[in-house]
Amino acid sequence: MAWRAALRSKAVIPGLLSCSSHGRLCASPTFITQRNNSTSPKIKVDYDQTTGVAVMHMQSPPVNSLGLDFLTELCISLEKLEMDKGCRGLIITSNQPKVFSAGLDILEMYGKSPEHCGEFWKVVQEMWLKLYGSNMVTIAAISGSSPAGGCLLSLTCDYRIMADNPRYTIGLNETQLGIVAPFWFKETMVNTVGHRNTEVALQLGLLYKPAEALKIGLVDQLVPEDQVFTVATQTMTKWLTIPEHARQITKSMMRNPTIDKLRTNREADIQNFVSFITKESIQKSLRMYMEMLKQRKA
């Protein structure tokens with residue numbers, strides 16, 4: 001898999017805890033910052049060993065698009081945190097103004113070979129599997145818009161706190177691009193907001209304003225924009241008071257049926273995605289969407 005290959009290659013190891021080519025740890029006894037040696041890491045993780053809480057900062061301008069390199073960094077960072085038994089909680093947030101994540105990077109799907117599309121989809125699956133099945137308490141601190149794959153990323157978390165700003169939106173709007181959300185996107189949303197809300201949202205490709213998202217349960221709490229991270233930290237403290245084994249077993253009981261379904265059908269899901277995304281009609285839809293974005297920027 002692409003993310004495992006990256007993990008083995010020193011040339012592309014983003015997010016590791018090192019300050020030299022030998023991988024020596026460089027941090028205080030209680031606070032660790034994970035970053036790679038690249039001039040522009042897409043993911044930065046701050047880990048406070050005293051509290052056992054890590055903060056993952058998405059910092060890939062302009063909109064934290066979920067591309068192959070970005071997702072590879074994210075998966076590697078998640079794997080390292082899971083390996084540290086002292087890390088009990090993870091807050092995911094964005095360093096980009098007005099956006100959490102704009103979703104999957106269309107450039108990874110447009111005009112690419114079937115092989116590339118397949119590798120890209122593997123790492124999308126891996127991101128979801130690692131986050132949705134994480135033993136850690138996971139909280140999304142959503143300080144901006146979060147459409148499509150950005151919404152999926154937030155849905156993998158245990159709790160979602162969003163900025164109460166009507167300019168922001170969140171939702172799985174794939175159908176507006178002519179794309180069909182795969183079964184595990186759908187089931188993640190069903191598990192969160194119920195069957196009927198999901199059916200309407202996915203068919204129409206709805207993007208919800210924060211108040212609407214709160215009403216259907218797509219997010220759990222709205223707070224002023226400048227308080228999103230503070231409230232996420234306070235909420236994490238509350239979640240961590242629950243006995244860990246009981247919380248983890250309960251989480252697994254709720255989520256494992258969906259996780260197992262993807263694990264059992266990973267290759268078929270990849271083949272379905274590649275077959276679909278490389279169709280001429282779908283490529284045309286993606287091209288039209290990109291042209292529309294260019295016109296907006298102009």
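Me: How confident is the predictor, on average?
Reply: This is a predicted model, and the chain averages a pLDDT of 87. A score of at least 70 is reached by 87% of the residues.

Me: Where does pLDDT stay under 50?
Reply: That's residues 1-38. The model does have 74 contacts beyond four places in sequence for them.

Me: OK, new topic. Where does Tyr-208 lie?
Reply: Tyr-208 is in the loop between helix 6 (195-204) and helix 7 (210-216).

Me: How many helices and strands does the chain have?
Reply: The chain has 11 helices and 9 strands.

Me: Back to Tyr-208: buried or exposed?
Reply: Buried, because its relative accessibility is 10% and the cut-off for buried is under 20%.

Me: What does Tyr-208 touch?
Reply: Leaving out residues up to four places away in sequence, Tyr-208 touches Tyr-168, Thr-169, Ile-170, Asn-197, Ala-201, Ala-213, Ile-216 and Leu-218.

Me: And what separates the C-alpha atoms of Tyr-208 and Leu-172?
Reply: 9.4 Å, with the two residues 36 apart along the chain.

Me: Zooming out, what share of the chain is buried?
Reply: Buried residues make up 51% of the 298 in the chain. As for surface, the chain exposes about 14,100 Å², and 55% of that comes from carbon and sulfur atoms.

Me: What about contacts between residues 24 or more positions apart?
Reply: Those account for 70% of the chain's contacts with a separation of 6 or more.

Notes. Residues are numbered from 1 along each chain as its sequence is written. This is a predicted model: local features need pLDDT of at least 70, side-chain atom pairs count only at pLDDT 80 or more; totals for chains, interfaces and linings use all residues. Side-chain values use heavy atoms; hydrogens and water are left out. Helices (H or I, at least four residues) and strands (E, at least two) are DSSP runs, numbered from the N terminus. Buried means under 20% relative accessible area, exposed over 50%, partly exposed in between (1.4 Å probe, protein chains only). Contact means heavy atoms within 4.5 Å. Accessible areas come from the Shrake-Rupley method with a 1.4 Å probe; for residues, only the protein chains shown count as cover. pLDDT is the predictor's confidence in each residue, from 0 to 100.
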